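This briefing is for a reader who is meeting the structure for the first time.

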Amino acid sequence: MKDLFFDAVVIGGGAAGMAAALELDAAGLSCAVIEREEQLGGILTQCIHNGFGLIEFNEELSGPEFAERIEEKLQGTNIRSFTSTTVMELDAGSENKVLFCYSALWGVLRLSCNAIVLAMGCRERNRGNIRIPGDRPAGVYTAGLAQRLVNIEGYVPGKDIVIIGSGDIGLIMARRMSWVGCKVHAVVEILPYPSGLTRNIVQCLNDFDIPLYLSHLTTNIIGRDRVEGVEITPLENGALMSDKAFTIPCDTILLSVGLVPENELSRMAGVELNPMTNGPLVDSMLMTNVPGIFACGNVLHVHDLVDYVVEESRRAGKYAAQWLKGRRPVREVRVKAGANVRYLAPVRVDVQADNKLYMRTLIVKNDAVLEVRVNNRVVKSIRKNHIQPSEMIQLQLSPKDLESVLSAPDPVVEVSIN
Amino acid sequence: MQNASGPFDVCIIGAGVSGANIARRLSAYDLNLALVDSEPDVSFGVSKANSGIVHGGFHHNKKHLKARLELQGAMMFDRLRQELDFPFKRCGIVVAAMHEDEMRAIDQLYMQGVDNGVIGIEMCSRERILELEPKLHPDTLGGLWVPGGGIVEPYRFVFSLVENAVQNGVQLLTGFAVSRAARQGELWQVEAADGRTLQARYVVNAAGLFADKVSAMFGAEDYTIKARKGEYYLLDRMTKAKPDRVVFPVPTSVSKGMLVIPTVEGTVLIGPTAELVDDKRNLATTKDQLDKILSSARTMIPAVSEYDVITSFAGLRPTLDEDFYIDMSAKVPDFVQVAGIQSPGLTASPAIGEYVKDLLKKAGLKLLEKASYDPFVVKRPHVKDLSPYEVDELAARDPAYANMVCRCEKVSEAEIVAAVKAGHTTLDGIKYFTRAQMGRCQGGFCTYKIIKIIMRETGLSWEAITKNSNASQILKDVL
Ligand SMILES: Cc1cc2nc3c(=O)[nH]c(=O)nc-3n(C[C@H](O)[C@H](O)[C@H](O)COP(=O)(O)OP(=O)(O)OC[C@H]3O[C@@H](n4cnc5c(N)ncnc54)[C@H](O)[C@@H]3O)c2cc1C
Ligand SMILES: Cc1cc2nc3c(=O)[nH]c(=O)nc-3n(C[C@H](O)[C@H](O)[C@H](O)COP(=O)(O)OP(=O)(O)OC[C@H]3O[C@@H](n4cnc5c(N)ncnc54)[C@H](O)[C@@H]3O)c2cc1C
């Protein structure tokens, strides 16, 4: 067994992991990135469509191009990347943190380190998770699997397609499958509004005349061997209109019904998760409850743009480096998700530092107001032209915004949207 | 496609848990044996979708053949596990009573268990039952404890039995859908839908749900197997609802009720429902039944949550009256009926093997023990069960043991290759053999990797990659 030591180990070599590693390296610390796939880049490598990097690089790149841009920066650094290597065990109990990684090239690697950055990304929710009853034939795939098959392996999983869920991956795949000559018969969404970005509705559905059924539940999958059809039923005021159910014939069902951060390793290390996001609860330095374990990117919460992932992950890398050099938050307070806020990450802010938070709302609204209160007194108020659950909202909180915390007895910071 | 040699002394139709046990048991003797199944892999019938419980011997009165075989079969599992290396654990069974009148039913079950000679059966107070199974609802009044009950991975059990049978000379023919039969002198001529034929002195009909059809093909007894569907939910191994024991409700007159089962491999199964269906290929799950499962499981174990569901599935019980029907045909010669093998068929199956062997012996089959018979299969390592140090050692021999394919269930490339080499070339076959695609992501990440390994190891083209049957093609085109 090969034994190695690093100041920090980053688990996952997607956009998040690479961005965090670059900061650790820039701070002069030794660091390794462990990635289980053959190449770095994570989910980006299969997203061959454009739409990445508008914020980060000021131009529209494809996923692989975006990944390459970051990967290029790794060259010339001292970052060690181990690809085709899977972190299987994580022990944060002892003095050093220890990771066991499996790879065909190395056998088992035992890495010791003082800090870990979790950047494992997320996985797709599947048919079982949303409990669609019916037959269990071939032809039911998650949209991400289909994307992998088409974009990287070069296989077309089906010809007549219905997409369940209007998340971004599903929308992108509707267009992708149309491009490779498949007929996409419908996108079906249980909510009254689409859950993907507006630009994707326009570019991926409208431009291809693909019908979007909002407020429709998938109630049955039909087909013995291979999918033959899918039954969908309208919802009216929350009630299932069973007599209005209809079946769309198809040979393939793609599921785009949400992503879940991959936190099995985190749990193994004793990291506490936020039930709202399934990601770790982190403090103002993006550190979990386990000292020295940080989290960023989709493993922390599901982001809609990779640019945000990179921004957040840079901070995680920077904070991890600072933490290793002894910096600790000065005075932290908890931030509560108030009215119409689904979650915030991080869940703590440092009163004496500049804080950046990402959040998601529960509502769709024009002319909304985002308010930050300290002990019920509004300290910051921001107008938003339009908000919706699928678009992440950013919030900056400076020491000045949080001044009143210092004098408050039991300070509670609450963020709400109205 | 493999052609049959022969003629065979015995042809066993159906490679479910019944047929597999019969074949393996007979393989200890100097006989020429064929085991045939219509599906592309073994254990794709009733034996793949059930509760996987080695029952406790208290549910049925021993006047029934099925009760006697259950008691006998259950005792044979420890030895079988040592020989055949399949996942099996005696975790014990609790029956939880939630009402006063259910406590009376517990009394009767207890008496029946004692009468059947069940070892260690115990009536429990509320405190005792909660101590045995702390996940139970705090309002549980009491119940029954049967320490000998256990859990098994049914398909892995069948795979091991068949592997060992083949090792001992049994010829396995998959994709062999028996469609016609004729008597030729002393022999049965058995014909498959694809035109292959074989000849055998004796035929065993262990065709599960289709035993009635097979019986008719041979001109034997006329009966009807009815299918009673049981639907299940499978919960993630991280669920807080995972009990230590198999948890039964108090049974009703029609079924043993819906259970909460900690599977040997760490996930949790809840179900099954019980509903007669007309179509014996109808394995669809339905919303109504699935909803029932959740609410029923929650009355016993409140921590059951729909958020832990990773998949649902259904199985069909092949029912014929109340009891098993295992006997020589009274209508045609040299034909053994193994029909109506509903629950506790899995538990009873090793004893069914024994029983059928004795029937054949009485019918004149010569049983000469074979010196070369080896009851052991070669144990295969599973990365999931090994420490990093052990994996490192394995990887020094074969690096593919350190190349992870399925992240959720921790399955390495070497294990997938072993499955393919053992003849499991459908995605489901590989799933049942290795557990890859069985975890929380249900194949979202590893399916494409497995497809590539199957193609590499077998030379099959993308068109031939299927889920579980010829028509269940996975891919439709190449770019
Ligand atoms: C289909 C799709 C379309 C998208 N479209 C856009 C778009 O148009 N524009 C945009 O800006 N953003 C888009 N995004 C979002 C953006 O690409 C992602 O949010 C971002 O790439 C996530 O980066 P990450 O590093 O957090 O996660 P990932 O890219 O998922 O990286 C995580 C990595 O960790 C590895 N890993 C996990 N566990 C282990 C372990 N135990 N051992 C070793 N390695 C491990 C994984 O293999 C993976 O490579 C899209 C996302 C998807 C899925
Ligand atoms: C919901 C449910 C729960 C259960 N739970 C338990 C339990 O917990 N414990 C327990 O002990 N028992 C349980 N059982 C019962 C147990 O699963 C069955 O008794 C057992 O699996 C039956 O095995 P078999 O080999 O007889 O049938 P099968 O497994 O169905 O095997 C028959 C085989 O014959 C093949 N075949 C059919 N027709 C032909 C043909 N014409 N030509 C060639 N091959 C053919 C089929 O493909 C099939 O593989 C349960 C059953 C169900 C449905």
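## Briefing

Strand 28 (residues 365–374) and strand 29 (residues 377–387) of chain A pair in the antiparallel sense over nine bridges. Strands here are DSSP runs of E with at least two residues, helices are runs of H or I with at least four residues, and both are numbered from the N terminus; two strands pair if DSSP finds at least two bridges between them. The model is predicted, so local features need pLDDT of at least 70 and side-chain atom pairs count only at pLDDT 80 or more, while totals for chains, interfaces and linings use all residues. Residues are numbered from 1 along each chain as its sequence is written, chains are lettered from A and ligands numbered from 1 in the order in which they are written, and side-chain values use heavy atoms, with hydrogens and water left out.

**Strands around strand 28 of chain A**

- K365(A) stands opposite I387(A), which belongs to strand 29 of chain A.
- Strands 28 and 29 of chain A form a hairpin with two residues between them. In the turn, N375(A) has a positive phi of about 45 degrees.
- Strand 28 of chain A also runs antiparallel to strand 31 (residues 413–417) of chain A, and five bridges join the two. Here V374(A) is opposite V413(A) of strand 31.
- D367(A) has its place in strand 28 of chain A. Its phi is near 50 degrees, a positive value in a residue other than glycine.
- Most residues other than glycine have a negative phi, and most peptide bonds are trans.

**A parallel sheet in chain A**

- Five strands of chain A form an open sheet in the order 10-19-12-13-14, with parallel pairing.
- Strand 10 (140–142) and strand 14 (212–213) of chain A stand at the edges; each has a single partner strand, so one side of each is left without a neighbour in the sheet.
- Two bridges join strand 13 (residues 183–188) of chain A to strand 14 of chain A in the parallel sense. V188(A) has Y213(A) of strand 14 as its bridge partner.

**Where chains A and B meet**

- The contact (heavy atoms within 4.5 Å) takes 49 residues from chain A and 57 residues from chain B.
- About 4,400 Å² is buried between the two chains, and carbon and sulfur atoms give 57% of that area. In chain A, R131(A), R136(A) and Y155(A) lose the most area to chain B, together 16% of what that side buries. Buried area is the accessible area (1.4 Å probe) that two parts lose on being put together, summed over both.
- There are six salt bridges between chain A and chain B. A salt bridge has a side-chain nitrogen of Lys or Arg within 4 Å of a carboxyl oxygen of Asp or Glu.
- E262(A) forms a salt bridge with R407(B), and their closest N and O atoms are 2.5 Å apart.
- Helix 4 (residues 143–153) of chain A gives the most to the side of chain A that touches chain B, with five residues.
- Strand 11 (residues 155–156) of chain A and strand 23 (residues 477–478) of chain B pair in the antiparallel sense over two bridges. V156(A) has D477(B) as its bridge partner.

**Ligand surroundings**

- Of the 35 residues around ligand 1, E35(A), R36(A), I43(A), N298(A) and V306(A) come nearest. A residue is counted if one of its heavy atoms lies within 4 Å of the ligand.
- A polar side-chain atom of R36(A) lies 2.9 Å from a nitrogen atom of ligand 1, and a backbone N or O atom of N298(A) lies 2.8 Å from an oxygen atom of ligand 1.
- Ligand 2 is surrounded by 37 residues, the closest being S18(B), D37(B), S47(B), I341(B) and T347(B).
- For I341(B), a backbone N or O atom is 2.5 Å from an oxygen atom of ligand 2.
- A polar backbone atom of P344(B) is 3.4 Å from an oxygen atom of ligand 2. The peptide bond from S343(B) to P344(B) is cis, with omega near 5 degrees.

**Other features**

- Over all chains, the structure holds 50 salt bridges. One of them joins the side chains of R110(A) and D3(A), at 3.0 Å from N to O.
- The peptide bond from A345(A) to P346(A) is cis, with omega near 0 degrees. P346(A) lies in the loop between strand 25 (341–345) and strand 26 (348–350) of chain A.

Key. A polar contact is a pair of N or O atoms within 3.5 Å; within protein, one must be able to donate a hydrogen and the other to accept it, and residues adjacent in sequence count only if both atoms are side-chain atoms.
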